[in-house]
Amino acid sequence: MNDTAIDYAAVFQALPGAVALLTPELVYADANREFLRVSGREREHLIGRHIFDVFPDNPSDGAASGMRNLEASLKRVLATGEREAMALQRYDVESLERPGEWDERYWSPVNAPVHGPDGSVVLLVHRVEEVTELIRARGGRGAGGDGARAGSRGRVLEAELYTRARELQELNERLRLAHARDREVALALQEAMLPAGRQVGHHRAAVRYRPAVGALNVCGDWYDMVDLVGGNRLGVSVGDVVGHGLEAAGVMGQLRSALSATSRVAAGPAEALNVLGRYAHVVDGAESATAVTTFIDFDHRTITYSSAGHPPPVLVHADGRVEFLDRATDPPLDARPTPVRRPEARTAYDSGATLALYTDGLVERRHEDIDTGLARLADALARHREADPESLADAVLLELLPPGGATDDTALVIVRL
């Protein structure tokens, strides 16, 4: 069946579960029939209204936490763009027939994001399963000794279930706080290891870094730009260390710093990678790391380059012609037990050309040949070549990265020549 033949509005209304759609401001945008039924509300009571104006906490219950827990979950989904299942919640609902009276209700909520074309969260899917009857059933419904004992056991089970759910939620909250602290450390580490914009000097360039989805916002991908000794020259490099997280970032920092220092005194990019390869041999975790470095001579309008197992830089000439700098490619940094001099190549360019260096997270996709990703990158760079480097970098990321974020880290450097 063709997608155009499916009435998704009818599907939404017919869903067997209770589902509502919320805007990023937590205002009801829609709700299906089952949600209206279990919540005891009509559409006019919901649509266009803030969720907590419709469903506030029970004011007579000083320990009520349903609203606070739900708000925290929804805001986390907005911030992370990731689905979240909540622990069992007691969340009382005011009776429409008896204003001021509150019905004791128990819910199992799940919140999920809906991403827009730019990857931002444009809607929240709020699905709830009411388990009130299950909780009440565990309380027993009999008379006499056996019924009383069954009711007592049921109430114990109910209390146990609710207590364990609350404990799970508190544990999850502690884990989230610990993750937030780790993320702060990761951000500080990343800022310390990657070069600041001031190191670009007077050259027109843009850099972008995107961690893999679920990473701590720190990874093994890196970039570097250094002013070279002698003439109007700039060294531009990118590299990729296997893995994610703080350990990979530590290896990344060592390799980036070593190449940055070596580039300033090396005769060319091949020599810089030769030295870096020897250094990588004694760095734990540098196995299979890749790197590519380019020496740009703005006076003579040439680019000299060498690659250690890394995807080729892309040179987009002013007339739109695309050239992959792939004539000096060698194995990764620590691939050979005995160092061998790496190859080096040179190409010329005219004023107005654009050079792009990147890591494989930008072009590689599962179940897809890498040539497809390279062609997609070349097309995006050529079409947007007249944009300034900052705008060009944003356009490339928007077109090449999946809306929900990539499963691999990504670094991108754009230099206008």
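Which residues of α11 are buried? In this predicted model, the buried residues of α11 are Pro389, Leu392, Ala393, Ala395, Val396, Leu397 and Leu400. The elements that cover these residues include β9 (205-210), β18, α10 and β19. At the start of α11, a side-chain oxygen of Asp388 comes to within 3.1 Å of the backbone nitrogen of Glu390. The length of the helix was also examined. With 12 residues at 1.5 Å a residue, α11 should span 16 Å, and the distance of 16 Å between its end C-alpha atoms agrees with this expectation.

Helix α10 (residues 370-383) was treated in the same manner. Its 14 residues, at 1.5 Å a residue, should span 20 Å; the end C-alpha atoms are 20 Å apart, so expectation and model agree. The N-terminal end of α10 is capped by Asp369, from which a side-chain oxygen lies 2.8 Å from the backbone nitrogen of Asp371. Within α10, the residues Gly373, Leu374, Leu377, Ala378, Ala380, Leu381 and Ala382 are buried. Their cover includes the strands β14 (314-316), β15 (322-324), β18 (354-358) and β19 (410-416). Helix α11 (389-400) also belongs to this cover, and α10 in turn is among the elements that cover the buried residues of α11.

Strand pairing was examined next, with β8 as the point of reference. Strand β8 (residues 121-130) pairs with strand β1 (residues 18-22) in the antiparallel sense, over 5 bridges. Within this pairing, Val19 has Arg127 of β8 as its bridge partner. Strand β8 also pairs with β7 (residues 106-115), again in the antiparallel sense, and here there are 9 bridges. Glu130 of β8 is the bridge partner of Trp107. Strands β7 and β8 form a hairpin with 5 residues between the strands, and in this hairpin Gly119 takes a positive phi near 90 degrees. In a regular strand, side chains alternate between the two faces of the sheet.

The charged side chains were then considered. The structure holds 16 salt bridges. One of them joins Arg76 and Glu84, whose closest N and O atoms are 2.8 Å apart. Glu84 has a relative accessible area of 14%, and because this value is under 20%, the residue counts as buried.

A further salt bridge connects the side chains of Asp92 and Arg90, with an N to O distance of 3.1 Å. The two partners fall into separate classes of accessibility: Asp92, at 6% relative accessibility, is buried, whereas Arg90, with a relative accessible area of 27%, is partly exposed. Both residues also belong to a network of salt bridges that links Arg90, Asp92 and Glu104.

The side chains of Asp224 and Arg256 likewise meet in a salt bridge, at 3.0 Å from N to O. Asp224 lies in strand β10 (residues 219-227) and Arg256 in helix α8 (residues 245-263); the pair therefore ties together parts that are 32 residues apart in sequence. Asp224 is buried, having a relative accessible area of 4%, and Arg256 also counts as buried, at 11% relative accessibility.

Key. Residues numbered from 1 in each chain as written. Predicted model: local features only at pLDDT ≥ 70, side-chain atom pairs only at ≥ 80, totals over all residues. Heavy atoms only, no water. Pairing = 2+ DSSP bridges. Helix = DSSP H or I, 4+ residues; strand = E, 2+ residues; numbered from the N terminus. Expected span 1.5 Å × (residues − 1). Buried < 20%, exposed > 50% of the residue type's maximum accessible area, 1.4 Å probe, protein only. Contact = heavy atoms within 4.5 Å. Polar contact = N/O pair within 3.5 Å; in protein donor to acceptor, adjacent residues only side chain to side chain. Salt bridge = Lys/Arg side-chain N within 4 Å of Asp/Glu carboxyl O.
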